[in-house]
Amino acid sequence: MAAIPDDRVTSSDESSSGADDGEWLDVEPDEEAVSVVSLFDSKTFSSLQEMLSYCLHHYGFDFKDNLARLRLDFLGAVKLVNFVRDSVKRGQPLPSPITLQDIASDGFLKPVLDNDAVLFSLDDVLETVSAQASQDDGEQAAALRKRNAELEAELEVIQSSFASYRLTVQETLDRRWGDDQGVSTSPLTQTSNTQARDSSDYYFESYAFNDIHETMLKDRVRTDAYRDFIYGNKHLIKDKVVLDIGCGTGILSMFCAKAGAAHVIAVDKSDIIHKARENIFNNGLSDIITCLHGAIEDVVLPVNQVDMIVSEWMGYCLLYEAMLPSVLYARDKYLKPDGLLVPSSATIWVAPIADPNYLAEHISFWRDVYGFDMKAMQEGIYDEARIETMPGSSVCGTPFPFKTLDLGSVKPEELVFTADWHSDLNRPVDDIDGFLVWFDNFFATSRHEPIPPPPTTPDAWVAKKSGNVAFTTAPDGFETHWKQGLLLAEPRDSPMSSPRGTRVSGKITFKVLEENARALTIDAAWGVAGRPERSQSWKLK
């Protein structure tokens, strides 16, 4: 055998050593087997897809569908996984459907299952759902555009037919009135007759525009209260028939439909009902919600009785707009004896105020406008109620709950009333500048549940029983679109100061404004022992 040169030996040794090192580095660790635990039991799977298929076929739970429907991102998907595992762990059935509110808590970001392989595999399934959602959105948009074109064509035909029908009817009535009553059918007379309208028409027309509905929907105190009651008491709504009076954009009707109502009847006399119908269609709820255009006193419901009446009927100082009588009409005609009214009661409060800064900014202001006296602008300035958000510091006496309305029993004629009130001043004042009026609303879970006696606060009512909801429009609460009713008192020639603890007492009257049934007149009389009584009237129109 030939001898191997020394350099070859050295090279061979180094190569051998390098090969050993290389072989060590190229050896890959054994892959750890993935164990994906079912969302509903202890069964394990080698992949997330197998586990999700198992949950769909054995438990009817479509994880991907929930991701797509709720449009969840990664953190939302984590919350959904942990919400399901937590519900199963506690033996609680999953809500149907699961909502964003159900998984809102950040506590669901904490894994229920240690080393949960599902949480480490969510990216792939989210990509799949996102891709499918984009495709579905495109198809749905195309379908909606096609359907919208069809509806517009149908609407044009209907409008044309209705215009011809209305013209025929008008001509027939004009001829009949002219023959029977000797009324002229000249163009001038016809125009005058056409323009004669119920003053309430203006009220309903004001609700046909977006601005007022945007304001109400953005009022979180208002909208959250209805949502929280409806979603928090789904057992009271499930499979029930609900009547929504003055439905507006349809938000309360859709809350009820999502809460499990079998049928919701949405009624509104304003043309906003057409937008509500579109909103309901676009949210896939047309099979549950029926929209009726007209006053509740005039429309014909498709049912004889309803299980619940939900309505946001409150106006400024509670009774402005006079919508409550329509709710009471529906209560007496359609609501079952044990049916629920949402809300169920309301309390109106009054308190004296002393706020020199407000007077300087809004009253005295007119006496010096860039050096000019504009006192002419002050004419009638104390005759109308103002709607303002006042600071709690402007209140100078204890608030008094002068009227409580139990919607289950109150009669329309009781909405015109006179009530006694009193207040003890909580600080010395130079004079009382006026009064502030606000209201609290209460939502009870039973029509026969005792109404909260004054001075029960909304917080106390909520704490009393699970499912109770309430809110206030008071100056020390969160601002609402109702704000407060400010009744400014005409100043006296000689103000009379009063120390802390002085009792102020009197009467307050709510009544309908004669020339406008939707408006409100508030009369008040007040005084302090040993001093002349004062009285004043304000209009809210």
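Trainee: In this predicted model, how many bridges pair strand β8 with β12, and in which sense?

Mentor: Pairing is read from the bridges between two strands. Strand β8 (residues 345-353) pairs with β12 over nine bridges, in the antiparallel sense. Within this pairing, W349 stands opposite W438 of β12.

Trainee: Which strand holds the bridge partner of V437, and which residue is that partner?

Mentor: The partner of V437 is G485, in β14. Strand β14 (residues 484-488) is joined to β12 by four bridges, and the two run antiparallel. Strand β13 (residues 469-472) is likewise antiparallel to β12, with four bridges between them; here A470 of β13 stands opposite F442.

Trainee: Why is strand β12 said to be largely enclosed?

Mentor: One counts the residues with under 20% relative accessible area, which is the cut-off for buried. In β12 (residues 434-443), ten of the ten residues are buried, so the strand is largely enclosed by the rest of the structure. Both faces take part: G434, L436, W438, D440 and F442 point one way, F435, V437, F439, N441 and F443 point the other way, and all are buried.

Trainee: Is helix α11 mostly covered or mostly uncovered?

Mentor: Helix α11 (residues 251-258) is mostly covered, as six of its eight residues are buried. These are L252, S253, M254, F255, C256 and A257.

Trainee: Is H58 buried or exposed?

Mentor: The cut-off for exposed is over 50% relative accessible area. H58, which lies in helix α2 (residues 48-59), has a relative accessible area of 56% and is therefore exposed. Sequence separation and spatial distance may also be set side by side: H58 and F40 are 18 residues apart in sequence, and their C-alpha atoms are 9.5 Å apart.

Trainee: Which residues form a nonpolar patch on the surface?

Mentor: The patch consists of Y370, F372, M374 and M377, which together have about 520 Å² of accessible area. Of these, Y370 lies in the loop between α14 (356-362) and β9 (386-388). Y370 counts as exposed because its relative accessibility is 81%.

Technical notes:
Residues are numbered from 1 along each chain as its sequence is written. This is a predicted model: local features need pLDDT of at least 70, side-chain atom pairs count only at pLDDT 80 or more; totals for chains, interfaces and linings use all residues. Side-chain values use heavy atoms; hydrogens and water are left out. Patches are made of residues with over 30% relative accessible area and no salt bridge: like charges are joined within 9 Å, nonpolar side chains (Val, Leu, Ile, Met, Phe, Trp, Tyr) within 5 Å. Accessible areas come from the Shrake-Rupley method with a 1.4 Å probe; for residues, only the protein chains shown count as cover. A salt bridge is a side-chain nitrogen of Lys or Arg within 4 Å of a carboxyl oxygen of Asp or Glu. Buried means under 20% relative accessible area, exposed over 50%, partly exposed in between (1.4 Å probe, protein chains only). Two strands pair if DSSP finds at least two bridges between them.
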